[in-house]
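Please keep the coordinates at hand while reading.

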Amino acid sequence: MTRSHDSVRGTRRAATSRVSGFVRSTRLRTVLAIPFIITALAACDTVDRLLTVNSPSRLDEANYLVPANALLISNSAVADYECALGGYIVASGLAAGELFDGEQTAARWSYDRRDVDPTQAQYASASCVGIGVYTPVNVARHTNDQAVSLLQGWTDAQVPNRQRLIARNAAMAGHSLVLLAEGFCECTINVGPALTPQQAFDSAEVRFTTALAAAQAANEPALANLARVGRARARLGSGDAAGAAEDAAAVPQDFVFNATHDLNAASRNNRIFAQNNQGFAVTVAPSYRNVTVAGAPDPRVVAVNGNRKTPDQTNDLWSQQKYLSLTAGTPIATGIEARLILAEVRGGSEGVAILNTLRARSGVALPPLSAAEVSDFTGSLIEARRRELWLQGTRWFDMNRFSVPQIPAAGADYPKGGGVYGTQRCWPLPDVERLANPNF
Amino acid sequence: MGANWVPDWRNRFEDNWGPVPVGGSTAVRDTVQLSTRQLNDSLNSNFGRDIFEAGMLSDLQLSVSGGTPTLRYYMGGGYEENQGAEVVNRLHRTNLRVNLSATPNDNFDVQSSMAYTTGRTYLPFEAGGGGAVWGTLFSSPGFLYSGANTGNPQLGFRSGPPDVYYQAYNNFQDADRFTGSVTLTNRATSWFNHRLILGVDRLAEDNQALTPRNDPLAARYSAFSGSGAPTNGSMAVSTRDVTVSTFDYLANLDLALTESWRSVSSVGGQFFGRKSLFRSASANDFPAAGLLSLAAAAVRNVDGDEVFENNTVGGFIQQQVIWNNRLFMTAAVRADDNSAFGTNFDVVTYPKFSASYVISEEPSISLPSFVSQLRLRAAYGGSGQQPGAFDATRTYAAQGGFLTPANAGNPDLGPERSFETEVGFEAALFEDRIGLDFTYFNGVTKDAILARLAPPSAGFPGEQLFNAGEVARSGLEGLVRWQALNGENLALDFSLSGSVLGYKINSLGPTTDVVSLSAQIQHVVGYAPGAWWDRRLVSAEFDPVTRRATNIQCDDGNGGATECAGAPRVFIGNSVPTREGSLSAGATIFKNLRINSFFDYRGGYSKLDGNRRVRCNLFALCEINYHPERFDPLLVAEAQGGTQFTTELIQDASLCGSASCRPPTRCPNRSHDRSMWGAPPSPSLVAIWRYLPTSRALSRRHHSTAERAVVPLGNGSRMCCRSFASL
């Protein structure tokens with residue numbers, strides 16, 4: 001179909017005339033103004049207001065990490081370590097044979113079976129409440145290091161008791177690194193390269209030294225001893241026996257520095273009580289049941305028989321009596337551990353004397369070591385550490401450094417199915433770090 | 001009316017193997033099998049019920065409509081009851097809808113729509129907790145002889161018989177939802193019209209997991225012990241309150257330029273606000289049976305109290321030119337800003353161009369007589385996805401009076417932008433008895449938002465989102481409709497649809513070619529996002545003395561073999577379907593009775609068989625665990641390796657069946673999809689801003705709750721069937 005040029009031109013003229021008429025119309029101008037008003041409104045402050053949102057349940061970093069929050073920052077970092085320590089004690093207790101898993105699901109069997117694989121999310125990514133280790137300990141290391149760095153950058157005028165806070169957070173950062181060094185075959189911090197346990201112990205020692213200096217400057221003897229015990233442990237792990245003994249000797253036997261717990265949140269609970277006595281998720285391992293010295297019950301290791309099965313329907317439920325509530329404190333550093341470190345380094349008659357002193361202390365009142373035990377001092381020391389430091393997160397590394405025979409033995413069938421007991425004595429660096437860290 | 005059931009459930013679970021005492025001895029054991037039939041016989045004789053039963057579906061809907069030319073109304077309501085194949089899985093739901101439409105004059109009309117739904121859904125204790133599926137799938141002969149539990153209370157089921165779960169736990173969700181909208185349309189002149197839509201969508205959820213104190217039950221079943229279990233009782237409650245507010249304005253200026261040419265100019269603006277409030281609390285240790293409240297418990301925790309707000313403001317300008325009502329050409333640009341964008345990003349703009357030509361209306365072109373209508377179309381456009389509320393910001397969350405790292409954040413995170421070109425055609429043949437619709441599309445997503453695991457040594461847990469370089473996609477979608485019969489009392493119609501999709505990561509940014517999402521899921525340049533990558537077993541030997549696999553070798557990534565400990569992860573398969581299709585057939589009888597059937601297909605992807613992993617690799621319930629000499633050493637290596645290997649566990653998941661009787665639906669949930677643009681000014685326009693699956697949606701799809709809700713029984717099968725007929 002075709003049309004003449006005149007017809008087309010006429011149509012165009014008519015259309016042009018119509019458009020001109022529209023534009024001249026007042027009504028048109030009024031109508032056209034509406035979208036422009038809308039556009040103008042959208043372009044002005046109204047848009048900013050519409051895009052302003054609140055998030056009262058979270059604080060962003062810029063608003064949180066300010067001097068006015070110094071005490072909260074410090075306390076929160078300590079709380080991160082306290083929760084991480086609880087998860088580590090349970091996880092390492094399973095691996096070291098202090099505890100047996102009692103759950104019917106398999107998530108933690110690899111702890112129990114000593115065959116944790118780098119791909120597993122449980123030990124790599126789970127929270128401290130969920131008995132993860134690598135992530136919670138790294139979070140604690142990070143927040144305490146961050147607190148120290150911030151506090152060191154602020155002034156005494158901005159932050160009351162600044163040195164005291166530095167001492168406490170530096171010590172917690174150090175203890176976090178000790179857990180990484182003791183528990184893992186290798187680790188990383190700050191998205192850096194792989195660190196050997198030796199390197200991690202060295203990093204821990206730097207932080208304990210910072211803590212000790214700040215504690216002394218603040219005249220805080222408890223924090224100074226917290227740092228001394230930690231540094232002694234780090235030095236012992238890195239082979240500096242003399243340095244370890246020097247620190248340990250300066251700590252009084254009755255010194256105790258506890259992680260605090262409360263009922264305000266699950267993360268604040270005593271994890272061992274929550275997992276064993278309350279949740280039945282773990283049970284006391286057979287070698288910690290009915291522990292005696294010369295036929296008499298050993299008051300350092302007390303567990304009671306629940307006369308029932310754990311939820312896995314395989315293990316018998318035994319409940320530890322070291323921590324008697326969800327709010328019971330968990331030792332981070334004690335004079336007893338310092339004595340044991342000192343005994344280990346000194347050895348000989350001095351070492352025996354230290355062990356006997358511990359056995360004779362009030363509330364324990366055990367007889368001195370027998371002649372046979374004295375002749376096997378190393379064995380006696382390992383046994384003393386096993387009992388004195390039960391469920392304090394030290395046994396896993398003791399199993400490794402002393403090459404303690406594993407119970408149940410490697411190769412034995414895992415009673416809940418799915419494999420045999422492994423030979424693991426430290427956890428591998430998780431894939432979650434290896435795959436996300438550009439240094440690998 | 002209808003029914004839910006598990007087809008052939010007595011035979012579809014594999015027998016489980018396990019050791020049992022011989023002659024009352026605890027030392028001498030024999031390995032035996034336990035079948036679902038045996039389990040069911042025991043359950044039936046003890047509790048008078050089968051493991052799975054057919055659940056009834058009933059749905060009653062009533063509506064009334066009417067009015068005058070200036071005022072029309074519609075009111076409807078209904079009541080629905082569904083019973084699942086597992087007896088505690090059920091729901092009841094009531095809904096009410098009221099629509100009003102008023103047209104006081106030719107230039108103005110108002111439409112309002114209100115809908116309210118309320119109901120309760122009871123959930124079984126599955127998904128890791130237990131219940132009929134858990135207890136049956138992971139049953140064991142050993143549970144017939146469970147140590148301290150004398151009298152065989154477990155009947156062989158893991159943890160306990162399903163009925164014990166039903167006694168112990170009560171989990172439900174109450175959900176109330178109100179949606180309301182008002183649309184004001186003004187046709188001020190013959191060449192100008194505009195409309196405003198105001199909407200609100202409010203969802204209130206109350207989720208409760210109740211475990212009343214039940215000392216007798218806890219004493220009889222070990223798996224039900226513990227403070228949080230029936231021993232002392234526990235409860236967890238959470239509420240979720242989500243309000244979505246929308247404002248959508250659109251104005252069209254429709255001018256006839258000539259007799260042949262018409263111009264439609266459009267401008268619009270939208271506001272989309274979403275506010276979510278989550279609260280949760282838990283408690284355990286009730287002092288006595290019968291108490292079941294937060295206040296009554298000895299231990300109480302406030303587990304969460306979160307508020308999320310996310311607002312988007314957008315606007316667009318569009319120009320359309322129409323020639324003889326058969327050629328439509330459109331150009332547009334829109335801009336969006338979002339409250340959650342990273343600090344280094346601001347307004348994002350997207351272009352759109354499209355053309356549509358109704359060639360069957362073209363007098364100069366002669367088409368065969370059976371072609372009723374033929375439309376050719378092509379389009380190019382952009383869309384995007386904004387980050388979530390806290391994705392860009394490093395935040396700390398409160399726990400028990402302290403703050404702890406919550407989200408690693410990424411301050412450089414910005415929106416991802418998708419650009420796509422598509423061409424296609426729509427045809428109606430034989431007086432519209434046959435319809436064809438084909439589209440080919442090709443596009444890229446730039447700055448794709450992908451997830452990666454944050455390295456724990458950085459001190460923040462969880463995932464971190466980042467903008468990857470580029471993800472490419474292309475595909476073909478097709479639809480064929482056939483109305484085979486359209487009689488007075490019987491009508492038959494068929495519909496065949498299919499699609500082929502391909503995704504490929506072109507770049508992950510300047511620093512890396514590999515990003516890990518989990519132990520087996522990675523983003524790798526050259527492959528689809530979120531694909532399966534793992535160490536692949538290639539050889540193993542069997543040691544008859546130790547009865548274990550030895551000399552286990554893995555793929556070295558170069559066609560050879562190497563020690564598995566240092567082996568690289570290699571590509572196993574895609575994790576999302578690359579081919580999908582469906583065939584539906586419907587019959588309408590006497591104009592009122594409609595019967596539908598569907599046949600679905602999904603292929604080109606793989607899934608991890610988690611059930612087999614748990615049965616054979618963790619719980620040791622398979623024949624391979626007790627008679628490894630009967631199997632390929634490779635399979636033995638995998639079964640004995642716990643969670644180390646997934647070579648045989650990640651398998652082709654092509655699914656072909658008629659199990660789902662509801663047609664697949666897509667649920668766009670983002671503000672910038674087509675709905676954000678408002679309705680096209682002309683119904684004949686081609687909409688280019690259709691829902692485009694984004695890279696993040698792909699990477700997270702396998703974690704979706706919706707997928708987990710379908711209990712897989714192995715690749716290629718689904719748990720439940722549903723059939724229904726409606727009047």
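At roughly what angle do the axes of helix α8 (residues 134-153) and helix α9 (residues 162-183) of chain A cross? In this predicted model, the two axes cross at roughly 150° and come within 8 Å. Angles over 145 degrees count as roughly antiparallel, and α8(A) is therefore roughly antiparallel to α9(A). The crossing of these helices is left-handed.

The residues that form this contact can be followed along each helix. On α8(A) they include Val137(A), Ala140(A), Arg141(A), Asn144(A), Val148(A) and Leu151(A). On α9(A) they include Arg162(A), Leu165(A), Ile166(A), Asn169(A), Ala173(A), Leu177(A) and Leu180(A). By class, the contact of α8(A) with α9(A) has 13 nonpolar residues, together with four polar and three charged ones.

Attention now turns to chain B, where three strands form an open sheet in the order β27-β28-β29, with antiparallel pairing. Two of the strands, β27 (537-543) and β29 (561-563), are the edges of the sheet, each pairing on one side only. From one strand to the next, the twist averages 35°. Strand β28 (residues 548-555) of chain B pairs with β29(B) over three bridges in the antiparallel sense; within this region, Gln553(B) stands opposite Glu563(B) of β29(B). Helix α8 (residues 633-640) of chain B packs on the sheet, where it touches β27 and β28 of chain B. The direction of this helix makes about 90° with that of β27(B).

How do the two chains meet? The contact involves 77 residues of chain A and 75 residues of chain B. On the side of chain A that touches chain B, 34 residues are nonpolar, 30 are polar and 13 are charged. Strand pairing also links the two chains: strand β1 (residues 58-60) of chain A and strand β16 (residues 395-399) of chain B pair in the antiparallel sense over three bridges. Leu59(A) has Tyr396(B) as its bridge partner in β16(B).

The confidence scores complete the picture. The model scores ipTM 0.85 and pTM 0.79. Chain B has a mean pLDDT of 84, and 86% of its residues reach 70 or more. Over residues 659-727 of chain B, however, the pLDDT is below 50.

Key. Residues are numbered from 1 along each chain as its sequence is written. Chains are lettered from A and ligands numbered from 1 in the order in which they are written. This is a predicted model: local features need pLDDT of at least 70, side-chain atom pairs count only at pLDDT 80 or more; totals for chains, interfaces and linings use all residues. Two residues are in contact if their C-beta atoms, placed from the backbone, lie within 7 Å. Ala, Val, Leu, Ile, Met, Phe, Trp, Tyr, Cys and Pro count as nonpolar, Asp, Glu, Lys and Arg as charged, and the others, Gly among them, as polar. Two strands pair if DSSP finds at least two bridges between them. Helices (H or I, at least four residues) and strands (E, at least two) are DSSP runs, numbered from the N terminus. Axes are lines fitted to C-alpha atoms, for helices over the stretch in contact, and angles run from 0 to 180 degrees between N-to-C directions. Angles under 35 degrees count as roughly parallel, over 145 as roughly antiparallel, 65 to 115 as roughly perpendicular and the rest as oblique. A crossing is left-handed if the near helix is turned anticlockwise from the far one by less than a right angle, and right-handed if clockwise. pLDDT is the predictor's confidence in each residue, from 0 to 100.
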